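Please look over the sequence and the model before reading on.

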Amino acid sequence: MSLAETPESTATKHVYIKTHGCQMNISDSEKVLGMLAAEGYRLTDDEAEADLLIANTCSIREKAEDKLFSLLGVWKERKRDNPDVQIAVMGCVAQQEKDKIRARVPSVDVVVGTHNFHELPELLEEARVKGPITRIGNLKAPIPDDMPTVREGKYHAWVPIIYGCSYFCTYCIVPYTRGPYQSRKPDAIEKEVRELIAEGFKEFTLLGQTVDRYGMELAGDEKTTLAALLRRLSAIPGVERIRFITSHPLDMTEELVKTVAELPNVMEYFHFPIQAGSDKVLAEMKRLYTVAQYMEKVELIRKHIPDAVISGDLIVGFPGETEEEFLETLAVVEAVEFDSNNTASYSIRQWTPAGKRDDQLSEDVKADRLQRLNDKVAEVSYRRNRRLVGTIQEVLVEGPSSKNPEVFQGRTRGNKICYFPGDASLEGQIVKVEVTEARPFTLRGEIVKSIVPLQMA
């Protein structure tokens, strides 16, 4: 049962949660909502009726912090009008900026870190008696495996398999806010997936900041690999689709690629960030590979899975980046032929080596380069999608689109969003769709009634 479906007779309080950032934050929010459901809370999308307001924060970019404090400015007014309303801040900004949050918005009831957010329900009760509480846990502490969870969707589930990161890229805050690698035990992951299948879930995305590091730091007989976990999970009856994100180029192995190629219910999709197209910039980012080494991994993927869908992440405006080095990034987008990319201009992050450099670029330069990069990404993505017009794709139907109830949407094997005419009877089914129109980041099509060969996208 979801929080939104909790009967009014048993739900005595309402919670509104605003989640920023990555899929790991989405997963953490799902767990928090699951714990709160057990305490009698019901989810609401209306801040005005909420008894509890939660901000689950991200500190990857500076603007995310600005958005948090803007949000808290609105919420503190709500609390001024109704002192019984509680406010909680969790996630990476809470872990990193607990003192700043307390100083700027003293009316926040609970500030809780990334490794002890499971304490939130009891901290809220404690705050009612003792006043505002800040609880930031040890980043090496284990994260419980048995938290109740309310899922965002009905058919797709996020399943964290490894927490944290130990690479310490010079621009990245993740090791400081989520700690070092911490893989979940395979038995716990399998148990979660089996329980989700019993609830009707069909597609599972395995999560990790560097997901292909999974299992490597486990000791003794428990030491394993992502490839081994994929084989184990794919054999479970009812698992129709598996994906994994995010991969680091250093940890992508031929065994993993071959495993994806061999297992029919593991999707031919790789989120495989390069971050920059210049060897000099990559070295200063401490990415620990060159463009040529990255391209070797891309060629490995294309060798075993010619039609694999590859997405990535790119940063422009890294300190000291020249125009020529930026143009190298544009060239890499063309060379890889990414299906999509998450793009961002560099922003200074506290504690990171890159943030201490004195050769920061101007905001105007960064904005210009980001716009040019986005134009190139859209151009290449559109070209990739146009090749799919006339092909038949396998789509898991998620439900109606937000704009037209007669148009339904779902994702292809390659994680592309596809829209098509349909009705509610299709929800949760995997259907064949002929692509009739391509857009830069989406597809449109018609459901195919007869049996035809499927093509991947």
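The model is predicted: local features need pLDDT of at least 70, side-chain atom pairs count only at pLDDT 80 or more, and totals for chains, interfaces and linings use all residues. Residues are numbered from 1 along each chain as its sequence is written, and side-chain values use heavy atoms, with hydrogens and water left out.

**Helix packing**

- The axes (lines fitted to C-alpha atoms over the stretch in contact, with angles from 0 to 180 degrees between N-to-C directions) of helix α7 (residues 186-198) and helix α8 (residues 226-234) come within 11 Å and cross at roughly 35 degrees.
- Helices here are DSSP runs of H or I with at least four residues, and strands are runs of E with at least two, numbered from the N terminus.
- Pro 186, Asp 187, Ile 189, Glu 190 and Val 193 of α7 make the contact (heavy atoms within 4.5 Å) with Leu 229, Arg 232 and Leu 233 of α8.

**Salt bridges**

- There are 43 salt bridges in the structure, each a side-chain nitrogen of Lys or Arg within 4 Å of a carboxyl oxygen of Asp or Glu.
- Arg 241 and Glu 203 form one of them, at 3.2 Å from N to O.
- Arg 241 lies in strand β11 (residues 241-245) and Glu 203 in strand β10 (residues 203-207), so this pair ties together parts 38 residues apart in sequence.
- Arg 241 and Glu 203 are both buried (under 20% relative accessible area; exposed is over 50%, partly exposed in between, with a 1.4 Å probe and protein chains only).
- Glu 334 and Lys 376 form a salt bridge with their closest N and O atoms 2.9 Å apart.
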